[in-house]
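Subject: Structure handover

Hello,

I am passing on the structure we spoke about. My notes on it follow below.

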Amino acid sequence: MLALVDVNSFYASCEQVFRPDLRGKPVVVLSNNDGCVIAASPEAKALGLPMWRPAFESLPLLKQHGAAVFSSNYPLYGDMSRRVMETLATLTPALEVYSIDEAFLHMPDTASDLYAYGRHIRERVRQWTGLPVGVGVAPTKALAKAANRAAKRGGGDQICVIADERARIDCLRNMDVADIWGIGKRIAARLRHRGVHTAWDFTQLSDDWVRRELTVTGLRLKRELEGAPQAKLEIDPPAKKMIGTAKSFGTNLSDKTLIREALAWYVAETGEKLRRQNRLAGYLTVFLETNRFRPDDPQYVNQTGLRLPVPTSDTPELSRHALLAFERIFRPGYRYKKVGIWLSDLTVPRAVQQNLFDPPAHRDRSGTLMRVVDRVNRRYGKATLRTASAGFRREQWKLRQEHLSPRYTTRIDELLEVRS
């Protein structure tokens with residue numbers, strides 16, 4: 001049996017952990033640049049608050065009900081996710097981290113009472129992290145997803161176990177076809193046109209029709225919902241094919257030097273990610289765009305890529321090539337909203353083809369330098385050591401975060417203070 005465990009209203013719940021006074025009250029989290037609502041506590045959802053609506057349209061309603069509003073605090077959420085996954089790893093012989101707030105796990109063979117063990121999972125995660133989770137238990141991944149959704153829909157202790165045929169049929173009959181894992185809006189509309197309105201209806205379709213209309217992927221999904229496992233847990237996640245970052249500026253920029261500094265900062269972030277994953281990049285792409293939501297401004301979007309002479313994770317080398325690529329696509333006279341970098345064609349160091357004009361001694365020195373930079377930045381804070389091209393004017397282009405909470409678990413100077 002498998003369990004899908006996911007954190008309820010993850011971003012909002014992370015904020016409530018360190019603000020007990022907000023438990024039971026409406027809490028929302030905004031997207032980058034405080035643009036729109038992307039997460040809400042159950043109390044906020046009960047207000048009829050739509051997700052992804054521009055924040056300024058929702059603020060009157062939130063203010064009326066005394067809701068707490070937060071900017072996205074990704075360092076906090078990432079660290080809380082790590083704590084949840086480490087907690088779950090103590091409860092199972094095998095764990096697959098599926099996303100930042102959910103994971104599949106094998107139920108131990110010793111768990112004779114699956115419902116009781118689901119309660120044990122909830123209690124331990126709550127005790128060790130302060131976060132509430134829902135637990136869906138079933139023999140396949142797709143059914144575990146369905147059970148998890150049923151657990152949250154049913155309220156109560158938010159645990160659902162599909163251990164027999166009757167429980168499977170009941171769960172699928174009460175599940176809308178659009179809520180099936182992997183069924184999007186367009187496919188759901190096609191299925192409804194055929195008279196398929198529930199997950200149970202979907203399992204009653206013929207295998208031939210499903211394979212013809214939804215390919216082999218749809219057929220595997222149908223069989224999973226029928227209780228026949230088609231996908232194993234991915235204990236070792238596959239290596240990433242691409243690493244990058246792209247964030248909107250806090251305000252539209254026309255100053256070329258500021259945009260260059262932002263790009264150099266993002267290059268340093270992606271370089272550090274590469275080294276943490278022991279990967280080298282062979283191809284680099286830089287893109288630049290204006291604000292498409294400002295139709296009164298001239299619009300411009302462009303990108304360019306280049307192959308690196310030798311795959312690398314060296315930040316100064318990546319910065320040099322990225323800034324050269326930036327020069328190719330920058331055009332004056334526009335107000336830019338975003339710049340970004342993507343690194344692809346990733347490989348491990350031992351698989352690199354050397355270059356005749358790139359002596360190994362140079363690679364050894366750059367590797368030593370990057371290890372020192374990473375060690376200093378981990379100890380004293382992000383960008384304590386940086387390339388000169390990243391500059392010191394981040395306040396002029398960084399994300400707008402007017403409602404940012406402290407990074408309670410990752411910054412020593414932002415630790416929670418308790419007074420008696």
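Which hand does the crossing of α4 and α5 have? The crossing is right-handed. Please keep in mind throughout that this is a predicted model.

Helix pairs

Helix α4 covers residues 74-89 and helix α5 covers residues 114-129; their axes come within 10 Å and cross at roughly 135°. The two helices are therefore oblique to each other. On the α4 side the residues that meet α5 are Met80, Arg83, Val84, Thr87 and Leu88. Facing them in α5 are Ile121, Arg124, Val125, Trp128 and Thr129. By class, this contact has 6 nonpolar, 2 polar and 2 charged residues.

A second pair is formed by helix α11 (residues 256-276) and helix α12 (residues 315-329), with axes that come within 9 Å and cross at roughly 140°. That angle makes α11 oblique to α12. The crossing of α11 with α12 is right-handed. From α11, the contact is made by Lys256, Ile259, Arg260, Leu263, Ala264, Val267, Ala268, Gly271, Leu274 and Arg275. From α12, Thr315, Leu318, Ser319, Ala322, Leu323, Phe326 and Glu327 take part. The residues of the contact of α11 with α12 divide into 10 nonpolar, 3 polar and 4 charged.

Strand β1

How many of the 6 residues of strand β1 are buried? For β1, which spans residues 2-7, the count is 6 of the 6, so the strand is largely enclosed by the rest of the structure. Both of its faces are covered. Leu2, Leu4 and Asp6 are buried on one side, and Ala3, Val5 and Val7 are buried on the other.

β1 has strand pairings with β7 and with β6. With β7 (residues 133-138), β1 runs antiparallel and is joined by 6 bridges. Here the bridge partner of aspartate 6 is glycine 134. With β6 (residues 102-106), the pairing is again in the antiparallel sense, over 5 bridges. Leucine 2 has histidine 106 as its bridge partner in β6.

The three-stranded sheet

There is also an open sheet of 3 strands, ordered β3-β2-β4, with mixed pairing. β3 (37-40) and β4 (68-71) stand at the edges and each has a single partner strand, so one side of each is left without a neighbour in the sheet. Neighbouring strands of this sheet are turned by 30° against each other on average, direction ignored. Strand β2 (residues 27-30) pairs with β4 in the parallel sense over 4 bridges. In that pairing, valine 29 has phenylalanine 70 of β4 as its bridge partner. Helix α1 (residues 10-17) lies across β2, β3 and β4 and runs at about 115° to β2.

Tryptophan 200

Is tryptophan 200 buried or exposed? Its relative accessible area is 17%, and because the cut-off for buried is under 20%, tryptophan 200 is buried. This residue is found in helix α9 (residues 199-203). Not counting residues up to four places away in sequence, tryptophan 200 touches Arg168, Ile169, Leu172 and Arg173. Tryptophan 200 and alanine 188 are 12 residues apart in sequence and 13 Å apart in space, C-alpha to C-alpha.

Regards

Methods:
Residues are numbered from 1 along each chain as its sequence is written. This is a predicted model: local features need pLDDT of at least 70, side-chain atom pairs count only at pLDDT 80 or more; totals for chains, interfaces and linings use all residues. Side-chain values use heavy atoms; hydrogens and water are left out. Axes are lines fitted to C-alpha atoms, for helices over the stretch in contact, and angles run from 0 to 180 degrees between N-to-C directions. Angles under 35 degrees count as roughly parallel, over 145 as roughly antiparallel, 65 to 115 as roughly perpendicular and the rest as oblique. A crossing is left-handed if the near helix is turned anticlockwise from the far one by less than a right angle, and right-handed if clockwise. Contact means heavy atoms within 4.5 Å. Ala, Val, Leu, Ile, Met, Phe, Trp, Tyr, Cys and Pro count as nonpolar, Asp, Glu, Lys and Arg as charged, and the others, Gly among them, as polar. Buried means under 20% relative accessible area, exposed over 50%, partly exposed in between (1.4 Å probe, protein chains only). Two strands pair if DSSP finds at least two bridges between them.
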